Amino acid sequence: MRRREFIRTVLFCCPAVLACSNGANIGRAQGPAASSIPRSDVMQPAELVKTLHVRDTYPPLLLQVGSHIFYAEAHIPGSVYAGAAAQPAGLHTFENMVSSSPKDKLIILYCGCCPWDRCPNVGPAYAKLHELGFTNVKVLYFAHNFGTDWVAKGYPIEKGE
Amino acid sequence: MISNYLTRFSFIRHRGILAGFVFTVLLGVGPLRAEQPGRSLLHKPAPQFARKDLSGKQVDLRTFRGRVVLLNFWATWCAPCQQELPHFAAWQKQYGPAGLQIISVAMDDDQAMVRTTERRLDLNFPVIMGDERLGTLYGGILGLPITYLIGRDGKALARFEGEADLDAMENKIQALLRRR
């Protein structure tokens with residue numbers, strides 16, 4: 001029900017946001033804010049850390065949906081770069097990446113480019129997954145950014161492409 | 001009866017002391033836990049870099065020795081960054097003659113969008129494209145915006161992360177410009 005409300009909000013808000021844009025974000029896929037993601041689908045970093053070392057038969061698909069430069073600097077081990085979801089090209093890459101996954105697959109999204117309520121990427125990525133019919137989606141919560149809420153806490157990282 | 005009261009009071013008081021202790025420890029530990037990797041760069045020479053800006057002109061940090069440098073990391077998709085940039089353009093105009101040099105590093109993957117923003121905001125300072133090497137050099141740029149203030153002696157003296165207090169930043173710039 002909450003997911004349905006979220007999608008309804010997205011469908012209602014997108015045209016309004018686009019209409020209000022002043023050209024500052026030309027080329028952007030304007031989307032819902034991270035703060036509109038239901039709490040039940042928001043995951044705390046500490047929660048993910050506990051499961052990172054567990055060898056699961058069906059490991060989650062862990063996707064970084066923000067800047068590629070940031071991904072190359074540092075990312076969560078095992079995560080895959082999936083395109084900046086705020087941009088049409090990025091969202092297209094993202095869609096292609098998840099297209100072959102089963103709809104009930106656990107997908108964990110993260111970005112951490114900006115404070116949670118200013119992140120332009122996780123909201124559109126989350127909405128896209130629901131639009132595609134995925135039913136098991138979580139989004140990692142970074143209150144400040146990936147540097148502060150993950151790297152500075154000493155959680156594991158990988159570097160490079 | 002009285003001794004029961006005293007025992008209970010003593011227990012409450014001890015709980016209060018314990019809570020106070022825990023609170024103090026948390027206060028002390030909190031900032032350490034939240035410490036940013038880039039903080040370790042402060043009061044040391046700012047990492048050297050030389051790159052071409054969007055107009056093709058070479059930007060070499062070394063050549064700005066003797067000036068106060070505001071080094072800002074931003075991106076076109078970062079909303080707080082978009083709010084800061086016009087202020088930086090105004091400061092470049094206002095404090096440039098007194099020795100301020102603003103250098104901005106766009107952490108975008110796409111240069112075309114940076115060019116659009118540069119034109120739209122009429123940025124009057126060099127804009128260079130960043131990458132993971134430059135980000136790592138500056139302590140890991142893993143969240144935006146991030147701004148360093150570099151003194152006339154080339155040392156990184158302040159770091160602002162997230163939605164910065166622009167008044168505090170401007171005060172710091174003024175103080176650094178006064179130093180000779």
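From H2(B) come B:Glu84, B:His87, B:Phe88, B:Trp91, B:Gln94 and B:Tyr95, and they meet B:Leu166, B:Met169, B:Glu170, B:Ile173, B:Gln174 and B:Leu177 of H5(B). Sorted by class, this contact holds 7 nonpolar, 3 polar and 2 charged residues. The model is a predicted one.

How do the two helices lie? Two packed helices are described by the angle between their axes and by the distance between those axes. Here, helix H2 of chain B spans residues 79–95, and helix H5 of chain B spans residues 166–178. Their axes come within 12 Å. They cross at roughly 25 degrees. Angles under 35 degrees count as roughly parallel. H2(B) and H5(B) are therefore roughly parallel to each other. Their crossing is right-handed.

B:Leu142 sits in a loop. That loop runs between helix H4 (132–137) and strand E6 (146–150) of chain B. Is B:Leu142 buried or exposed? Its relative accessible area is 7%. Buried means under 20%, so B:Leu142 is buried. Which residues of chain A does B:Leu142 touch? Leaving out residues up to four places away in sequence, the contacts are A:Phe70, A:Glu73, A:Ala74, A:Gly112, A:Asn145, A:Phe146, A:Gly147 and A:Val151. Within chain B, B:Glu132 is 10 residues from B:Leu142 along the chain. The C-alpha atoms of B:Leu142 and B:Glu132 are separated by 9.7 Å.

Now turn to chain A. Its secondary structure comes to 6 helices and 5 strands. What order do they take from the N terminus on? The elements run α-β-α-β-α-β-α-β-α-β-α. Chain A has 161 residues, and buried residues make up 47% of them. Its accessible surface comes to about 7800 Å². Carbon and sulfur atoms account for 57% of that surface.

Where is A:Ser101? A:Ser101 lies in the loop between helix H4 (88–98) and strand E4 (107–110) of chain A. Its relative accessibility is 13%, so A:Ser101 counts as buried. A:Ser101 touches A:Leu61 and A:Phe134, again not counting residues up to four places away in sequence.

Methods: Residues numbered from 1 in each chain as written. Chains lettered and ligands numbered in written order. Predicted model: local features only at pLDDT ≥ 70, side-chain atom pairs only at ≥ 80, totals over all residues. Heavy atoms only, no water. Helix = DSSP H or I, 4+ residues; strand = E, 2+ residues; numbered from the N terminus. Buried < 20%, exposed > 50% of the residue type's maximum accessible area, 1.4 Å probe, protein only. Areas by Shrake-Rupley, 256 points an atom, 1.4 Å probe, with all protein chains shown as cover. Axes fitted to C-alpha atoms, helices over the stretch in contact; angles between N-to-C directions. Parallel < 35°, antiparallel > 145°, perpendicular 65-115°, else oblique. Left-handed = near helix turned anticlockwise from the far one by under 90°. Contact = heavy atoms within 4.5 Å. Nonpolar A, V, L, I, M, F, W, Y, C, P; charged D, E, K, R; others polar.
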